[in-house]
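Please read this briefing alongside the structure, taking one topic at a time and finding each part as it is named.

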Amino acid sequence: MTDQVRTRIAPSPTGPPHVGTAYMALFNLAFARRHEGRMILRIEDTDQLRSTPESEEAILQALSWLGVEWDEGPDCGGDYGPYRQSERTALYQAEVQRLIGQGHAYLCFCSAERLEQLRKEQMANKETPRYDGHCLSLTPEEVEERKNRGDPYVVRLKVPDEGECRFTDELRGEISIQWSQIDHQIIQKSDGFPTYHLANVVDDHLMKISHVIRGEEWISSTPKHILLYEYLGWNAPVFTHLPLLRNPDKSKLSKRKNPTSVTYYQDAGFLPEAMLNYLGMMGYTLPDQREIFSLNEFCETFEIRRVSLGGPIFDVDKLKWVNGRYLRENLTPEEVLQRLVEWKGGPSFLSQVIPLALPRLETFSDFFPLSQFLLNENPLYPFDELVGKQEPREVARLLKIAEWELEKVDSWDRNSLANVFQNLAETECKKLKELLTPFFVCITGSKVSLPLFDGIALLGADLTRSRIRKALQFLAENDAGISKKGLKSLEKEYRQSYGKRID
């Protein structure tokens, strides 16, 4: 282990860049800068089905927009690369073979059906769902025979049945977890790729990470990681588990209740400095109690032990208050004008809007009502306009299906979006014009606006999805929403007609 402080963030490129990722990045950066260390950006793309280059690029762009800088990463290199896990497979497989050879890991051939039945039985007996070590009893000859036969298998970590794991958390002190609560973790999947747990430990060691600062949801997994460090003969880093961001109702921050994508706040017109400032207030106060501060001021005074363990509330109204103070107190009118132009007032954006508006223009004053939905965070509309001639709960049903379908869209362009709604109309046996009416209203605020698919493409994925969710909330508040029981029924119907969801 190096004497230099080295922290890391390791986002998974499986969706829009989350504000929780930015929050963790900020605190890792501040700790590294405070101790004259380095912060590493590592891409954890072992989930080959869901990881995409587009998501990776969105993460890099979002963090760059915020002003979070890393010292090593997939875009800038470094001495401990490569910095994408998909490019490090041989390193993981070598360590897996070492663990198997030392008797610390073993091959598991159990079918999904057996594992599901085991889980049901354990839950019925009010036991912690945990692999029962069935394949530990296989002889070396039986293992070799099944491998040669081509039986699919995973590799599991051998976990003690008795005793406890004790470790120290920088914020929480000593933590003790019974080994009987820890599963025999899969460390290599049947496709040969590692799981997060193995790759995370191997990478942190080889990249000389000195301090792991991550969310509290990883506390229960820390014994697995400590066991891997012990089995591999490596020193573990210092662990700090930060409290998770919460919605105002104290539930875990979720896109169902709050916009969670950094890109949403960028598209909605927030300042990156204000966003970082607000994230810095999440469970932390500066020594002099200031509420408005710069990134440098945050890093210069940062002390990890000042972080509060109370769940920090991510409140968009408070964020707007911080953003307003930045606009009024930190920027001159000339700088505000420049920021507006950079946001959506310059040729690069307006040149895309004007061709869509031109067929509908008679005077320049017509332009702004037509395009205002591209500049509003939340367009307003009457209930009657949203539902039109359709039954309100049917509108809610269509909006929900569209939300799930839009989650699947990788290329956010006019043709891809048109295909989504055309498929929706055909599957629901509706005319496209009839189907689109509530979407015109919830997304643009009006039944008449710019061409919908082009407008949605310009608006962007995060604002579009957020408006659909808010329309669903609006319907629920007017007794026209989908009940919990109805949602389960709709999910089953959706899988039959549209396939699996992506959440």
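What follows is a short briefing on strands, sheets and helices.

This is a predicted model, in which local features need pLDDT of at least 70 and side-chain atom pairs count only at pLDDT 80 or more, while totals for chains, interfaces and linings use all residues. Residues are numbered from 1 along each chain as its sequence is written, and side-chain values use heavy atoms, with hydrogens and water left out. Helices (H or I, at least four residues) and strands (E, at least two) are DSSP runs, numbered from the N terminus.

**Strands and sheets**

- Strands of a sheet pair through backbone hydrogen bonds, either parallel or antiparallel; here two strands pair if DSSP finds at least two bridges between them.
- Strand 1 (residues 6-9) pairs with strand 2 (residues 38-41) in the parallel sense over 4 bridges, and Arg8 stands opposite Ile40 in strand 2.
- From strand 1 the chain crosses through helix 1 (residues 19-34) to strand 2, in a β-α-β crossover that is right-handed, meaning that, with the strands pointing away from the viewer, the path from the first strand over the helix to the second runs clockwise.
- An open sheet of 3 strands has the order 3-4-7 with antiparallel pairing, and its edge strands, strand 3 (105-108) and strand 7 (186-188), each pair on one side only.
- Strand 4 (residues 154-157) and strand 7 run antiparallel and are joined by 2 bridges, with Gln188 in strand 7 as the bridge partner of Val155.

- In helix 13 (residues 347-357), the residues Phe349, Val353, Leu356 and Ala357 are buried, where buried means under 20% relative accessible area, exposed over 50% and partly exposed in between (1.4 Å probe, protein chains only).
- The face turned away from the buried side of helix 13 carries the exposed residues Pro347, Ser348 and Pro355.
- Helix 12 (333-345), helix 14 (367-371) and helix 19 (452-459) are among the elements that cover the buried residues of helix 13.

**Two crossing helices**

- The axes of helix 16 (residues 392-406) and helix 18 (residues 432-444) come within 10 Å and cross at roughly 75°, the axes being lines fitted to C-alpha atoms, for helices over the stretch in contact, with angles running from 0 to 180 degrees between N-to-C directions.
- Helix 16 is therefore roughly perpendicular to helix 18, since angles under 35 degrees count as roughly parallel, over 145 as roughly antiparallel, 65 to 115 as roughly perpendicular and the rest as oblique.
- The contact (heavy atoms within 4.5 Å) is made by Val395, Leu398, Leu399 and Ala402 of helix 16 and by Leu435, Pro438, Phe439 and Cys442 of helix 18.
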